[in-house]
Every structure is written in C-alpha cells, then in structure tokens.
Amino acid sequence: MELNVNNLNIYYERFDGDFGTPILLLHGWGATSATMGGLFRFLKSENKSVISVDFPHFGFSDTPPEDFTVYSYADLIKEFLDKLGIDKVHIIAHSFGARVATILASTHPCLVHKLLLTGAAGCKPKYSFKKSRKIVAYKLKKKLGIVQKNAGSADYQALPQSMKKVFVSVVNDHLDYLLKHIISPTLIVFGKNDTDTPLYMARRLERKIKNSALVVLENAGHYAFLDREKYFCAIVNAFF
C-alpha cells in the first residue's frame, strides 16, 4: 500500500488483528520493511495489529529532499499515523528506526504506548584515540579543501549524492538529551556481539529511560531479531 505524506509516497504494509493497539515496525538505515518481514508475519500469526513502513528513500518509498533530518523522518511518521487515523501505537524499532522512535516517544508521549528498541542508534558514541585522530584529520583536510576519496563509512559510500547530506545530518544528531523524556514502558533488546551499536549504548539507554529494562541476547549481533528470531519473537509476544 502507498500513502502520500508531505508530498512523498510512502510504502507500507498493514494487518488489522483483533488486538487493540497496533504495533509499528521501524527498520534501520539501508534496510527496508522487508527486513522486518519475519517479525511482521509473526505478529500477524498472533492476530496482532501491525504496520511496517519503508522510510523515505528505502524500499518502495520516495527519496526525500536533501535538507531532510532525523526530525523530518519523525515528523513524517507522525503525519503518516495521523493520516491513518491512529492516535496510539506500540513501536518496535531497529537501529536508525530507534532514532525516530526516540523522538516520537519523547515529544509525543501520548502517541507511544510501549517501546521496544533493538540495536538502537542515536546515543553519542565513544571514540578510541585512533578513531578520534582520524576524525580530526578528516575535518582538517576538508577545511583545507583537500579531496579525500573513499572517505566515510560503507553506508555513506553506498548512498547517491542526494542522500549523503541527509545521512551526515542523521548520524551527527545525538539524541541522548531526549531519553529522560521517554515515559513509555521500554524494553531494550541488544545482541551481545553487536559492534555497530555496542552494549555500552544499551546500558546508557537503560540508565536514562526511566521505565526500562535491558535484555542481552547471546550469539546475536546488530540484527538480533534475525540472529535469534524465535527467541526475539517470544520476547515481543510477552512484552506486547
């Protein structure tokens, strides 16, 4: 299905089950709603209402303008829900999706009933001395106008030019300051072997979100909901 939101066509899938509050699935950067397809199908099999959306530029949704920010993504999801006539949701959010969920839960507390964050991005990272030196060197060369080929992460390099500005804006917005404003019951589920969003980020989320708990999954990485799918689904079923 498609819905036009703020002049962007947004692709989504929806199943209306017999249980009240719908569960909104928000995927990570570079992924699509299909990445969370197993979770969608599981919730559907449990007859729970579920909505899965492709963020702008990913999957079948339109590409946003260059001035789009993580806050623009959050505003768009809020408008998307408004257009569907939905005023309360549970959210399961992975990686970049957790950035959007953090903004929604902290700024629209009546909208988000329960929140599950997995492999959540958005916390300010800890940099090693070596990494810090590389960042300083990159910024200095950029200031001096020195062309740096292949600079940036693999995610950055994979993007078309029109989305690179969006990506830089997103990754440079740290959302730690919003965590204290989240009042939704929050479950944080991280893979023990996650190197993209390491466990110290999960522990920071647990410390700063008042009504929260942390579950660490053994033998799982950044995509814990895929690495330990059956166990993850059991956790979801118990929480929602």
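Is Thr197 buried or exposed in this predicted model? Thr197 is buried, because its relative accessible area is 4%, under the 20% cut-off for that class. This residue sits in the loop between strand S7 and helix H7 (199–208). Its side chain has two partners to look at: the backbone oxygen of Gly119, reached at 3.4 Å, and the side chain of His222, with which Thr197 makes a polar contact at 3.2 Å.

Now to the charged residues. Side chains of opposite charge can pair when their charged atoms come close. Across the whole structure, a search finds four salt bridges, including those in this table.

| Asp82 | Lys78 | 3.0 Å |

Asp176 is buried at 15% relative accessibility, and Arg204 is buried at 11%.

Asp82 and Lys78 share helix H2 (residues 70–83), where they are four residues apart, about one turn of the helix. Asp82 counts as partly exposed at 39%. In the remaining tabulated pair, Asp16 is exposed at 53%, while Arg14 is partly exposed at 31%.

Finally, the surface: Lys126, Lys180, Arg207, Lys208 and Lys210 form a positive patch. One of them, Lys180, is found in the loop between helix H6 (161–171) and strand S7 (186–191), and Lys180 is exposed, with a relative accessible area of 51%.

Notes: Residues numbered from 1 in each chain as written. Predicted model: local features only at pLDDT ≥ 70, side-chain atom pairs only at ≥ 80, totals over all residues. Heavy atoms only, no water. Patch = residues over 30% accessible without salt bridge, like charges linked within 9 Å, V, L, I, M, F, W, Y side chains within 5 Å. Areas by Shrake-Rupley, 256 points an atom, 1.4 Å probe, with all protein chains shown as cover. Salt bridge = Lys/Arg side-chain N within 4 Å of Asp/Glu carboxyl O. Lys, Arg positive; Asp, Glu negative; His and termini not counted. Charge placed at Lys NZ, Arg CZ, Asp CG, Glu CD. Helix = DSSP H or I, 4+ residues; strand = E, 2+ residues; numbered from the N terminus. Buried < 20%, exposed > 50% of the residue type's maximum accessible area, 1.4 Å probe, protein only. Polar contact = N/O pair within 3.5 Å; in protein donor to acceptor, adjacent residues only side chain to side chain.
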